[in-house]
Amino acid sequence: MTFAYQNPASHTFVPEIWDADLLTQFDPLLVWASPLVANNKYEGEIRKQGDVVHINSLLRPTVGDYTVADGMTSQRPETVDQKFPITEAKYLQVLVEDAERVQLAGGLDSPINQQMIRSLAREADTFMGNIIAKGATALPTIKPTAENAPQSLYSAILDMMLALDDSDIPAGRYVVVSPRVKRYLIEHPAVANAAAYGEGGVTANGVVARLAGFTILTTTAMPTGVDIVAGHSEFATYASQFTGFREGQSEKYRADYIDTLHLYGGKIVRYPDLDAKKADNTFDESKPTKGIVKASVEWVTAA
């Protein structure tokens, strides 16, 4: 397709391909909203801010004792509804004075557009981190000393492992730590030598190591007052959709605009065996989930 501003012989500027470029470059920047921490199984079709995704949970039937005299009593399936609203709508708009020149120079690889993508990712990730931290179960404050900081922080993660074990949280867990926690945690031999215990090396989405059943991640987008969060991606869900790029002539400037709209939302997912059901067949969402735990650190030494 050739646009009005293009040379008829040129076909290098194709805005339709930018959608995939944005998603490819956006996803690796996420931690809280990444599939490692939050699932996206309820994403569905998001068309506008304010859409609601419904999540139905099936209550577990009661097992009865069978006798010849009493026979069996049938039970009707019962579900609990959770409403997942898509609350956020963020946009990104770029003005280009020579669209073909920018596309030939690298399009979304340009420094300006890279920073815009990072801004969108940061906004979404911070939003999801706050959702997760708000719904997590708080554990006692960690109080390391200058001498025992690595061991103290590592032990705290093992305590989180125990708390999740006690609630029968399945394998495939994560731990997200602040950069300050990471600074001391990687001094612990079990983390420093993670290759001997699990999997070492920094990878995408802020992964530090895989160890003791956890994928350990780090991010600067930590919720206020929280230093460590551990859990499973099944207990938080994130839905996101880019509505596609538009392009046209700017009314204010002698330039062409290219923009996109990012719609998203996040929610703590409740389960019948772990969360209290109310009389109206909804969950009590004022209480924290047992599938995610959090802790703060009372720092007594300089970073």
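## Close-ups of a predicted chain

The chain exposes about 16400 Å², and carbon and sulfur atoms supply 53% of that area; accessible areas here come from the Shrake-Rupley method with a 1.4 Å probe, and for residues only the protein chains shown count as cover. Keep in mind that this is a predicted model, where local features need pLDDT of at least 70 and side-chain atom pairs count only at pLDDT 80 or more, while totals for chains, interfaces and linings use all residues. Residues are numbered from 1 along each chain as its sequence is written, and side-chain values use heavy atoms, with hydrogens and water left out.

**View 1. The whole chain, before zooming in.** You'll find 7 helices and 12 strands here; these are DSSP runs (H or I and at least four residues for helices, E and at least two for strands), numbered from the N terminus. Of the chain's 303 residues, 45% count as buried. Buried means under 20% relative accessible area, exposed means over 50%, and partly exposed is in between (1.4 Å probe, protein chains only). Now take the contacts between residues at least 6 apart in sequence: 77% of them join residues at least 24 apart. Contact simply means heavy atoms within 4.5 Å.

**View 2. The largest nonpolar core and Ile292.** A nonpolar core is a set of buried Ala, Val, Leu, Ile, Met, Phe, Trp, Tyr and Cys residues joined through side-chain atoms within 4.5 Å. The largest one has 61 residues, and Phe26, Trp32, Ile132, Ile228 and Ile292 touch the most other members. Zoom in on Ile292 and, leaving aside neighbours within four places in sequence, you'll see contacts with residues including Ile132, Leu164, Tyr174, Phe235, Ala236 and Ile268. Apart from this core lies another one, of 8 residues, with Val53, Ile55, Ile86 and Ala239 among them.

View 3. Look alongside for β11: 7 bridges join β9 to β11, and the two run antiparallel. Strands count as a pair if DSSP finds at least two bridges between them.

**View 4. Strand β7 and its parallel partner.** All of β7 is tucked away too: 5 of the 5 residues in 214-218 are buried. Phe214, Ile216 and Thr218 sit on one side, with Thr215 and Leu217 on the other. Strand β5 (residues 173-177) runs parallel to β7, and 5 bridges join them. Val177, for instance, has Thr218 in β7 as its bridge partner.

View 5. A salt bridge is a side-chain nitrogen of Lys or Arg within 4 Å of a carboxyl oxygen of Asp or Glu, and the structure holds 6 of them. In one, the side chains of Arg183 and Glu187 meet at 2.5 Å, N to O. Arg183 is partly exposed at 39% relative accessible area, and Glu187 is partly exposed at 45%. In another, the side chains of Lys267 and Glu285 meet at 2.9 Å, N to O. Lys267 lies in strand β11 (residues 256-268) and Glu285 in the loop between β11 and β12 (289-295), so this pair ties together parts that are 18 residues apart in sequence. Lys267 is buried at 8%, while Glu285 is partly exposed at 40%. Arg270 and Asp275 form a further bridge, with their closest N and O atoms 3.3 Å apart, and both of these residues are buried.

**View 6. Ser233, a buried loop residue.** Ser233 lies in the loop between β8 (228-232) and β9. Its relative accessible area is 11%, so Ser233 counts as buried. Not counting residues up to four places away in sequence, Ser233 touches Pro35, Leu36, Val37, Ala38, Asn39 and Tyr174.

**View 7. His54 on strand β1.** His54 belongs to strand β1 and is partly exposed, at 46% relative accessibility. Setting aside neighbours within four places in sequence, its contacts are Asp81, Gln82 and Lys83. Tyr42 is 12 residues away along the chain, and the C-alpha atoms of His54 and Tyr42 are separated by 8.2 Å.
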